Amino acid sequence: MLLVRDVEAGRARVAEIRKRIERREAVHLIGMAGFGMAGLALLLRERGLQVSGCDAAENRIADWLRAHGFALRSGHDVAHLRDVSWVIRSTAVSDECPEVREAMKRGLPVEHRGFVLPAMPAGQSCVAVSGTHGKTTVA
């Protein structure tokens with residue numbers, strides 16, 4: 001059962017993320033070559049943030065990200081956390097990922113992309129597409 005305090009905590013967390021975005025704090029995306037994370041990387045960069053990222057997968061999205069100037073590294077390494085203020089992780093990234101563990105050890109905020117997405121539309125229009133089938137054909 002969702003409790004009121006959980007909703008309030010979620011709102012407070014989104015508000016903190018919104019502040020990081022407004023301050024244009026450098027961010028590292030773990031699992032950046034997935035569909036949702038790649039789109040988020042693009043939106044964050046359009047907001048003026050310095051965006052770096054990594055992924056264990058080498059795929060067409062990784063190629064696209066690099067071709068569009070993103071600093072996408074292969075694999076997971078704590079060295080990827082240099083010069084970042086916070087981290088966003090994909091659902092596919094385990095708590096045992098070395099970057100996640102190191103970020104937490106350093107006290108860097110580690111956010112799930114599901115908390116970052118609601119922070120993005122501040123001051124902008126937003127269109128949401130939902131459903132079980134056909135979402136990728138809407139574009």
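Begin by selecting Ile61, Ala62 and Leu65, the buried residues of α3; buried means under 20% relative accessible area, exposed over 50% and partly exposed in between, with a 1.4 Å probe and protein chains only. Viewed down the axis of α3, these buried residues fall within an arc of 100 degrees, so they line one face of the helix; the arc is that of the directions from the helix axis to the C-beta atoms. Next select Arg60 and Ala67, exposed residues on the face of α3 turned away from its buried side. The cover over the buried residues of α3 includes α2 and β3, where contact means heavy atoms within 4.5 Å.

The model is a predicted one, in which local features need pLDDT of at least 70 and side-chain atom pairs count only at pLDDT 80 or more, while totals for chains, interfaces and linings use all residues. Residues are numbered from 1 along each chain as its sequence is written, and side-chain values use heavy atoms, with hydrogens and water left out.

Now display the whole chain as a cartoon. The chain has five helices and five strands, which run α-β-α-β-α-β-β-α-β-α from the N terminus on. Helices (H or I, at least four residues) and strands (E, at least two) are DSSP runs, numbered from the N terminus. Of the 139 residues in the chain, 37% are buried.

Move to α2, residues 35-46. At 1.5 Å a residue, its twelve residues should span 16 Å, and the end C-alpha atoms are 17 Å apart, which agrees; the expected span is 1.5 Å times one less than the number of residues. Select Met37, Ala38, Leu40, Ala41 and Leu44, the buried residues of α2. They cover an arc of only 160 degrees around the axis, which puts them on the same side of α2. Phe35 and Glu46 are exposed on the face turned away from that buried side. Just after α2, select glycine 48, which has a positive phi of about 95 degrees.

Which residues have the most contacts inside the largest nonpolar core? Select Leu29, Leu44, Val51 and Ile88, which hold that place in a core of 24 residues. A nonpolar core is a set of buried Ala, Val, Leu, Ile, Met, Phe, Trp, Tyr and Cys residues joined through side-chain atoms within 4.5 Å. At least two residues of this core come from each of α1, β1, α2, α3 and β4, and α2 gives the most, with five residues. A second, separate core of eleven residues includes Ile30, Cys54, Leu108 and Val110.

Centre the view on valine 51. Not counting residues up to four places away in sequence, its contacts include Leu29, Leu44, Arg45 and Phe70.

From there, select arginine 45, which lies over the face of phenylalanine 70 at 3.9 Å from the ring centre. A charge sits over a ring if NZ of Lys or CZ of Arg is within 6 Å of the ring centre and within 35 degrees of the ring normal. Arginine 13 likewise has its charged end over the ring of phenylalanine 115, 4.0 Å from the centre.

Finish in two loops. Arginine 24, between α1 and β1, has a positive phi of about 55 degrees although it is not a glycine, and is exposed at 52% relative accessible area. Aspartate 83, between β3 and β4, is also not a glycine and has a positive phi of about 65 degrees; at 63% relative accessibility, aspartate 83 counts as exposed.
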